[in-house]
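Here are my notes on this structure. Please keep the sequence open beside the 3D view as you read.

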Amino acid sequence: MFGIDSSELLLIAIVALVVIGPKELPGLLRTWGKWMAQMRSMASEFRGHVDEMVRQSELDEVKKQLTDASTGVDLQALDPTKQIRSHIEEGMAEGEKAIAEAKTNLDNPLAEPESAPQIAVEAPEVAAEAPQVAAEAPQIAAEPAAEPDPVPVAEPAEQKPAKAAAG
């Protein structure tokens, strides 16, 4: 604790017992304990006051920084609800624009769709294949249609034994 070993404490106890006497030693120890408790409570109270002053000075510094910063910063501009509302309004405007575009496409069917250039590019290839398909068509029409194979029909169970007996 204070650099006192157990052997030194034992020596102090023996000297106190001899000097003070065994009758008054318990009262002296009680009084000494009360003083120590009172000193500890005063030390903790002092520490609490010092901590309170430190907290108060820190709060004053923070308050001072906020008042200095608030003159340069508009706290209304930092409102998150306004930011959220603006994002929602932007999304709604984009959605309304897409709906209006879709309505104009549906109302004007003669307008060329976006894929029209691709169809125009593929059209000459289809036109080149058309005579070949037309030449094959008479051959297909001239061939007789093959009749499908008849599907065997299952006979009822009662007729099978009669045929087996006849056979």
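1. Start with Glu52 and Arg55, which sit three residues apart in helix H2 (residues 25-72), so about one helical turn separates them. Helices here are DSSP runs of H or I with at least four residues, and strands are runs of E with at least two, numbered from the N terminus. An α-helix has 3.6 residues a turn, so residues three or four places apart point the same way.

2. Glu52 and Arg55 form a salt bridge, and their closest N and O atoms are 4.0 Å apart. The term means a side-chain nitrogen of Lys or Arg within 4 Å of a carboxyl oxygen of Asp or Glu. By this rule the count is one salt bridge.

3. Buried means under 20% relative accessible area, exposed means over 50%, and partly exposed lies in between (1.4 Å probe, protein chains only).

4. A word on the source. This is a predicted model: local features need pLDDT of at least 70, side-chain atom pairs count only at pLDDT 80 or more, and totals for chains, interfaces and linings use all residues. Residues are numbered from 1 along each chain as its sequence is written, and side-chain values use heavy atoms, leaving out hydrogens and water.

5. Now the whole chain. It has five helices and zero strands. From the N terminus, the order is α-α-α-α-α. Of its 167 residues, 2% count as buried. The accessible surface is about 15800 Å², and 63% of that belongs to carbon and sulfur atoms. Such areas come from the Shrake-Rupley method with a 1.4 Å probe; for residues, only the protein chains shown count as cover.

6. Look next at helix H1 (residues 6-20), which gives the most to a nonpolar surface patch, with seven residues. The patch includes Leu10, Ile14 and Leu28, and has about 750 Å² of accessible area together. Patch residues have over 30% relative accessible area and no salt bridge; nonpolar side chains (Val, Leu, Ile, Met, Phe, Trp, Tyr) are joined within 5 Å, like charges within 9 Å. Val19 lies in H1. Val19 is exposed, at 65% relative accessible area.

7. Check the length of H1. At 1.5 Å a residue, its 15 residues should span 21 Å, and its end C-alpha atoms are 21 Å apart, which agrees. The expected span is 1.5 Å times one less than the number of residues. Just after H1, Gly21 takes a positive phi of about 100°.
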